[in-house]
Amino acid sequence: MCVLFSPDRTPLAWWLGQHRDLAMQLPGLKKYAVNLVRVAPDSPEPEYDGVAELWFEKEEDLFAAYQVSQDTSNITRRLGRRDRKSVV
């Protein structure tokens with residue numbers, strides 16, 4: 001599970017667009033789910049705007065998905081760009 005934040009994008013467009021498209025390229029991915037943070041009016045800006053769940057059959061499949069090729073390495077770099085905070 002990763003939590004990401006970037007002030008220069010629209011959360012819904014990111015999570016259901018580019019992030020989903022990149023995540024779907026991970027081999028062995030069984031399910032992709034997103035939970036967006038809702039902020040009440042007059043509330044401070046949250047530290048993150050959503051949580052993505054990447055589901056795999058086994059823990060080994062998760063680790064293998066991030067190690068299989070140069071293409072996947074590029075995917076993980078784009079998912080965790082430096083302008084975002086990432087927590088695993």
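Figure 1. Y48 is found in the loop that links β2 (29-36) to β3 (50-56). The model shown here and in the other views is predicted. L36 and Y48 are 12 residues apart along the chain, and their C-alpha atoms are separated by 9.1 Å.

**Figure 2. K31 and the ring of W55.** K31 is placed over the face of W55, at 4.7 Å from the ring centre.

**Figure 3. The largest nonpolar core.** This core consists of 9 residues, namely W14, W15, A23, L26, L29, Y32, A52, F56 and A65. At least two residues of the core are supplied by each of α1 (11-23), β2 and β3. The largest share, 3 residues, is that of α1. In soluble globular proteins, nonpolar side chains tend to be buried together. Across the protein chain of 88 residues, 30% are buried.

**Figure 4. Helix α1.** The buried residues of α1 are W14, W15, G17, H19, L22 and A23; among them, W14, W15 and A23 also belong to the largest nonpolar core. The helix has 13 residues, yet the C-alpha atoms at its ends are only 16 Å apart. A straight helix would reach 18 Å at 1.5 Å a residue, and α1 falls short of that span.

Figure 5. The protein chain comprises 3 helices and 4 strands, arranged along the sequence in the pattern β-α-β-β-α-α-β. Of the contacts in the protein chain with a separation of 6 or more, 63% are between residues 24 or more positions apart.

**Figure 6. Confidence of the prediction, with strand β4 in view.** The mean pLDDT of the protein chain is 76, and 66% of the residues score at least 70. Among the elements, β2 has the highest mean pLDDT, 92, whereas strand β4 (residues 85-87) has the lowest, 47. Over residues 81-88 the pLDDT stays under 50, and the model has 21 contacts beyond four places in sequence for this stretch. Where pLDDT is low, the predicted coordinates should not be read in detail.

Methods
Residues numbered from 1 in each chain as written. Predicted model: local features only at pLDDT ≥ 70, side-chain atom pairs only at ≥ 80, totals over all residues. Heavy atoms only, no water. Lys NZ or Arg CZ within 6 Å of the ring centre and 35° of its normal. Core = buried A, V, L, I, M, F, W, Y, C linked by side-chain atoms within 4.5 Å. Buried < 20%, exposed > 50% of the residue type's maximum accessible area, 1.4 Å probe, protein only. Expected span 1.5 Å × (residues − 1). pLDDT = per-residue confidence, 0-100. Contact = heavy atoms within 4.5 Å.
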